[in-house]
Amino acid sequence: MKKILLLAALLFSSAVYAETVKVDVNGMVCSMCIQGIKKKFGNVEHVTEVDVNLDNKVVTLTTHGKNDVSDETIKKLITEAGYDVVKIARQ
Amino acid sequence: MKILILFLMFFSSQLRAHPVIFDDGVMWGQMMTPDMTDLQVHYSFRYNWSFGANAWRFENAAGEKREYAFAKLNHLLKRWNNADSQGNVYLHSGLGSSRDSFAWVAGAEADWESRVWFLSGKWMHFADKVVDQDLYVARVGHSPIIADVNSLQIWFMLQGQYEKHMSRTVKVTPLLRFFYHNVLWETGASLDGDYMLSFMIHY
């Protein structure tokens, strides 16, 4: 019973602290843009998922915890990928 | 005539896609026409710089085969990122040789693209002991349907080539471009009837 409680606590704690970061980005027009951005964030510590939506021009990052990846880091990586950050929103 | 064909073959190999892709990206591509095979591999070591190799073989009208190998360095000079479009200016450079001559290439290219329109223009200068010439290439493309990123994207394109000091004619080639994830391929035929096939993958 203790093990189950411990497992559940671990499971829910990670869900509670996970953060979704939505980044509005200018310049993304094709699947190559998606590939470049995903590759740029692919090895970033604490980033568990990267989704790029060309329709609304948003890059969505899922991280392990709150503020695991700073705005400055996100801007730097998007800029290095060749695109411009318009806005960053955290949920 | 040999020189003209050499030019057409060489520069048609430069028309596929962005000369610089994305940071840490590799591009492998091949193009074929009735008289030419072109193979190139590029690595973008930054989002605005790439280097690579280009192997190219063609057969001229007299049946003579020529082979070239180039080391190339390309630079994204300027990019404009807009909400629904992107514009770029690139510089090309390369050094290489044929079996019997040193050769070099230099040029500039600009493009503007959205998810439904594509415009590009390019100037290239090529020289070896046989030729020393300029070439101008322009493309306009339209994709009538914005496909989902997991679906096949189809583009209708029209390409024009002009050799300033050579034929003084514009070679027009309608073609279809297909884009699926990280794979791009094109098929077309010039108004003179020469087919063109190309394939590119990046990762």
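Student: Hi! In β6(B), which residue is the bridge partner of B:L91?
Tutor: B:L91 has B:A108 as its bridge partner in β6(B). Helices (H or I, at least four residues) and strands (E, at least two) are DSSP runs, numbered from the N terminus. A word on the source: this is a predicted model, in which local features need pLDDT of at least 70 and side-chain atom pairs count only at pLDDT 80 or more, while totals for chains, interfaces and linings use all residues. Residues are numbered from 1 along each chain as its sequence is written, and chains are lettered from A and ligands numbered from 1 in the order in which they are written.

Student: Thanks. How many bridges pair β5 and β6 of chain B?
Tutor: There are 13 bridges between β5 (residues 85-98) and β6 (residues 102-114) of chain B, in the antiparallel sense. Two strands pair if DSSP finds at least two bridges between them. Three residues link β5(B) to β6(B) in a hairpin.

Student: And where does β6(B) go next?
Tutor: Into another hairpin, this one reaching β7(B) through two residues. β6(B) and β7(B) (residues 117-127) run antiparallel and are joined by 10 bridges. One of the pairs there is B:E113 with B:F118 in β7(B).

Student: Further along chain B, how many bridges join β9(B) to β10(B)?
Tutor: β9 (residues 153-163) and β10 (residues 170-180) of chain B are joined by 10 bridges and run antiparallel. B:Q153, for example, has B:F179 as its partner in β10(B).

Student: What about β10(B) and β11(B), how many residues sit between them in the hairpin?
Tutor: Two residues lie between β10(B) and β11(B) in that hairpin, and B:H181 in the turn has a positive phi of about 50 degrees. Six bridges pair β10(B) with β11(B) (residues 183-189), again in the antiparallel sense. Within that pairing, B:L175 is opposite B:G188.

Student: Switching to chain A. What pattern does chain A follow along the sequence?
Tutor: Chain A reads α-β-α-β-β-α-β, with three helices and four strands.

Student: What is the order of the strands in the sheet of chain A?
Tutor: It is an open sheet of four strands in the order β2-β3-β1-β4, with antiparallel pairing. β2 (47-53) and β4 (84-90) of chain A are at the edges with a single partner strand each, so one side of each has no neighbour in the sheet. Inside the sheet, six bridges join β1 (residues 19-26) to β3 (residues 58-63) of chain A, and A:V21 has A:L61 as its bridge partner in β3(A).

Student: Which strands do the helices lie across?
Tutor: α2(A) lies across β2 and β3 of chain A, at about 165 degrees to β2(A). α3(A) lies across β1 and β4 of chain A, at about 150 degrees to β4(A). For those angles, axes are lines fitted to C-alpha atoms, for helices over the stretch in contact, and angles run from 0 to 180 degrees between N-to-C directions.

Student: Last topic: how many residues of chain A are in contact with chain B?
Tutor: 18 residues of chain A are in contact with 20 residues of chain B, where contact means that the C-beta atoms, placed from the backbone, lie within 7 Å. The elements giving two or more residues to that side of chain A are α2 (31-42) and α3 (71-81) of chain A. α2(A) provides the largest share, seven residues.

Terms used. Contact = placed C-beta atoms within 7 Å.
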